[in-house]
Structures are given as structure tokens and as C-alpha cells.
There are 4 protein chains.
Amino acid sequence: MAETTDTRGTGGVAADQLRSLIERIERLEEEKKERADDIRDVYLEAKSNGFDTAVMRQVVKLRKQDSAERQEQEAILDLYLHALGMAPDAGERA
Amino acid sequence: MAETTDTRGTGGVAADQLRSLIERIERLEEEKKERADDIRDVYLEAKSNGFDTAVMRQVVKLRKQDSAERQEQEAILDLYLHALGMAPDAGERA
Amino acid sequence: MAETTDTRGTGGVAADQLRSLIERIERLEEEKKERADDIRDVYLEAKSNGFDTAVMRQVVKLRKQDSAERQEQEAILDLYLHALGMAPDAGERA
Amino acid sequence: MAETTDTRGTGGVAADQLRSLIERIERLEEEKKERADDIRDVYLEAKSNGFDTAVMRQVVKLRKQDSAERQEQEAILDLYLHALGMAPDAGERA
DNA sequence: TCGCCTGATAGTTGCC
DNA sequence: GGCAACTATCAGGCGA
């Protein structure tokens, strides 16, 4: 734990490091928000072109679920293989 | 001590009603927690019988996803039908 | 130790046991969800009667905290009683 | 005929447009997720360097609030300036 | 445009 | 002690 008291005086090394981390996070959150706004804009554009955004959202959600489910399938396969001692790279190879 | 303390005057009836609502919620939350505890117990029982609970949780999750996806499929079908003005009982259009 | 590698062959005992456990879990989760839905309904009913559900949720939370503290007090009391050899029922509990 | 996937007569153009919109959305959501993952990574890095991430999240939140308040102040100022016919054409934002 | 509702996100708790 | 699931809170989108 960093009760390092490295903060000799004000603005120690830890403080600088912390400031840097915070700023990186803030920059990333800003970019994340930009993407969210862009997505919102695309939906607005779609709506203004006569598309049903509810349907579109459903489509996007469904396609996301499909890929998520595929991931799950792979995860559970791995788990089975491990449970059966047949993991690909588990070192255990009878 | 359950006399009509505050029930006279303004807000009395509302107070009784509120109390009733709160108690119903609390009872339901209690029951919900009981179920959660039961689930936890089943997993513990499974583990004590040599089953891999991680695999089990994954299985449960996957089966839940399957049914959720089926629901989504139906939802999107409904949306399409609506978007095409072919909804089962909704011929009304603004 | 229970040997669950009984899964060799077609539908071993372990497989049946696993299926049973999974189904119990799913039933319990279903019931848990029903309670959650009921709670939601009560809040909706409250809202339709003019109550502020945010305030209600706060109340429920506070009362839960209170009860938690009370239980903690009881736990401490039990501890003392045990330490004094005055526990109501020693040990056996299902 | 250059556009083979264009099923004219059955909303082909719209279909292409819809596909394009969906793909733009999915790409943006992907990028959004990348940023979220990056943020998560920075917090992990911070933690591995001994920082308390809960505190850091609090700091980020507070700074976001501060900036929101500052922007509100600027908005009010703009409003006043407009009301006075003194709105700047293109103001620089720090 | 306002209020409702659903989905996203941050915090909390329990498990490993 | 770290990590993941769950829960509660909050904001954005939709309908009236």
C-alpha cells in the first residue's frame, strides 16, 4: 500500500503520478462520451430518414447478443475441458 | 401502541396506506432474499457433491441467455410487423 | 470422495444429479425474479397513488439498516451468552 | 448493373442505407467499449501502483461536477451576453 | 414539452 | 485480497 508518505512536501512523485492517471482517465471518458454522442446522432439521422429507431436498436442488441452468446459457448467449452482435465494448455497431458 | 396516532388530520389515511405499501415491499424483499439464500445453498450442496460450480453457473447463465434471446426474437418480429403496419391487432396509424 | 467422473457412459448418476441441481436453481431464480417483479409492481401502485417512490426506497433502505443493526446487537448478545455458557441451544443447528 | 445487392422495388436503397447506419453504430459502440476497457485498465494500473481506486473515482466524479458547474456558469454568462447583444462570435474555451 | 421507462453505469457484496 | 455478479442509481429516449 502506498502510505509511502512519498509526498514529501506538496506535490511528491506519487501526486504527479496520480495527476497523470486522473488526466488519462478523464481524457478517455471524454472520448467515450464523444462516441456515445455520435451514436445518438446516427440514430437521429436514421429517424430523420424515416427509419424506426426502436427496430434498429433491437437489431443492434440482437446482433450483440449473438456474438456474446458465441463467447459464452466458447467459455463453457473451455470450462468443460478443464473440468475433464482436457484443457489445451493446462500442462496436464496424460 | 398501534392506536390511531397520526391517522386523524391531514395525511392520516395516506400514512396508513404508505405503511401498508412499505410492509408489503419489505415482506417481498425478505422472500426474495430467502430465494437468493436457497440458491446459494444449492450451489454449496453441489460443490460438496464434487460438482464444479463455475461450470454450473455458466450453464445456468447460458440457458438463461437462450430463453432471453428467444424473447428478443419475438420482440423484434413484433417490431417488424408493427413497422410494416401488419401488427396483429393494431391497424391504427397516426 | 464422490467420484463425479461417472459421466462416462450414457447419462450417469452424476448427470442426473446435476440436472436436478440445475433445475432447482432455475426454479429458485424464477421465484426470485417473481418477487422482484412484485416489488416493482408495488412501487408502481404506490406511484399511481401519488407517493414519491424515491422517498419510499429511502425509507425501506433505512429500515433495513436499522434492522441490520438490531441483528448485530442480538449477535453480540448471543456472543456474550455463549461466553457465559448461557446459550439458549448449544451447537446443533440445521 | 453495378449494385447487385440493391433489390430495387422492395426498398433496396433503404436496406443499403439501413445496413450502413447499423454498421456505423456498431463501429461506434465498439470504439466506446474500447475506451471503457482502457479506463478500466488505467484503474488497474493505478491500483497496482498502490493507489486507492475508490478515492480516485470519487475525485474524477467531483472534478466532473466542478466542470459541469463551470460550464453552467459559462452558459449563464453567454445568456446574459446574448440578452445584451454582446455575444462573442467565436469564443475560445480553455 | 413533460413525465415515464428502459437501458447504462457505478457501487456493494459475496466468492474464489 | 482480487474479481465477478448483483443491485441501486442515473441519464437518455420515447410517447402522450
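This is a predicted model: local features need pLDDT of at least 70, side-chain atom pairs count only at pLDDT 80 or more; totals for chains, interfaces and linings use all residues.
Me: Why is Arg35(A) called buried?
Reply: Buried means under 20% relative accessible area. Arg35(A) has 15% relative accessibility. That is under the cut-off, so Arg35(A) counts as buried.

Me: Why is the pair Glu30(A) and Arg27(A) called a salt bridge?
Reply: The closest N and O atoms are 3.1 Å apart. The cut-off is 4 Å, so the pair passes.

Me: What separates Glu30(A) and Arg27(A) along the helix?
Reply: They are 3 residues apart in helix α1 of chain A, which means about one helical turn.

Me: What makes Glu45(B) and Arg24(C) a salt bridge, and where do the two residues sit?
Reply: Their side chains meet at 3.1 Å, N to O. The limit is 4 Å, so the pair qualifies. The pair crosses between chains, from helix α1 of chain B to helix α1 of chain C. Glu45(B) is partly exposed, at 32% relative accessibility. Arg24(C) is also partly exposed, at 36%.

Me: Which residues are joined into one network by salt bridges that share partners?
Reply: The network joins Arg27(A), Glu30(A), Glu31(A), Glu34(D) and Arg35(D). Over all chains, the structure holds 38 salt bridges.

Me: How do you know that Arg24(B) and Glu45(C) form a salt bridge?
Reply: The N to O distance is 3.0 Å. Within 4 Å is enough, so this pair counts. Across the interface of chain B and chain C the rule finds 8 salt bridges. It also finds 8 residue pairs in polar contact there. α1(B) gives the largest share of chain B's side, 21 residues. By class, that side has 15 nonpolar, 3 polar and 11 charged residues.

Me: How many residues meet between chain B and chain C, and how much area do they bury?
Reply: In the contact, 29 residues of chain B meet 29 residues of chain C. The buried area is about 2900 Å², and carbon and sulfur atoms give 70% of it. On the chain B side, Ile25(B), Arg35(B) and Phe51(B) supply 20% of the area, more than any other three residues.

Me: How much area do chain A and chain D bury between them?
Reply: They bury about 2900 Å², with 70% on carbon and sulfur atoms. Ile25(A), Arg35(A) and Phe51(A) lose the most area in chain A, together 19% of what that side buries. The contact takes 29 residues from chain A and 28 residues from chain D.

Me: Why is the pair Glu29(D) and Lys64(A) called a salt bridge?
Reply: Their side chains come to 2.8 Å, N to O. The cut-off is 4 Å, so the pair meets the rule. The interface of chain A and chain D has 8 salt bridges by the rule. It also has 8 residue pairs in polar contact. On the chain A side, α1(A) gives the most, with 21 residues. That side divides into 16 nonpolar, 2 polar and 11 charged residues.

Me: Which residues touch the most other members of the largest nonpolar core?
Reply: They are Tyr43(B), Phe51(B), Met56(B), Leu21(C) and Ile25(C), in a core of 16 residues. The elements giving two or more residues to this core are α1 and α2 of chain B and α1 of chain C. Apart from it lies another core, of 15 residues, including Met56(A) and Leu21(D).

Me: What does Phe51(B) touch?
Reply: Leaving out residues up to four places away in sequence, Phe51(B) touches Ala46(B), Met56(B), Ala14(C), Gln17(C), Leu18(C) and Leu21(C).

Conventions: Residues are numbered from 1 along each chain as its sequence is written. Chains are lettered from A and ligands numbered from 1 in the order in which they are written. Side-chain values use heavy atoms; hydrogens and water are left out. A nonpolar core is a set of buried Ala, Val, Leu, Ile, Met, Phe, Trp, Tyr and Cys residues joined through side-chain atoms within 4.5 Å. Buried means under 20% relative accessible area, exposed over 50%, partly exposed in between (1.4 Å probe, protein chains only). Helices (H or I, at least four residues) and strands (E, at least two) are DSSP runs, numbered from the N terminus. Contact means heavy atoms within 4.5 Å. Buried area is the accessible area (1.4 Å probe) that two parts lose on being put together, summed over both. A polar contact is a pair of N or O atoms within 3.5 Å; within protein, one must be able to donate a hydrogen and the other to accept it, and residues adjacent in sequence count only if both atoms are side-chain atoms. Ala, Val, Leu, Ile, Met, Phe, Trp, Tyr, Cys and Pro count as nonpolar, Asp, Glu, Lys and Arg as charged, and the others, Gly among them, as polar.
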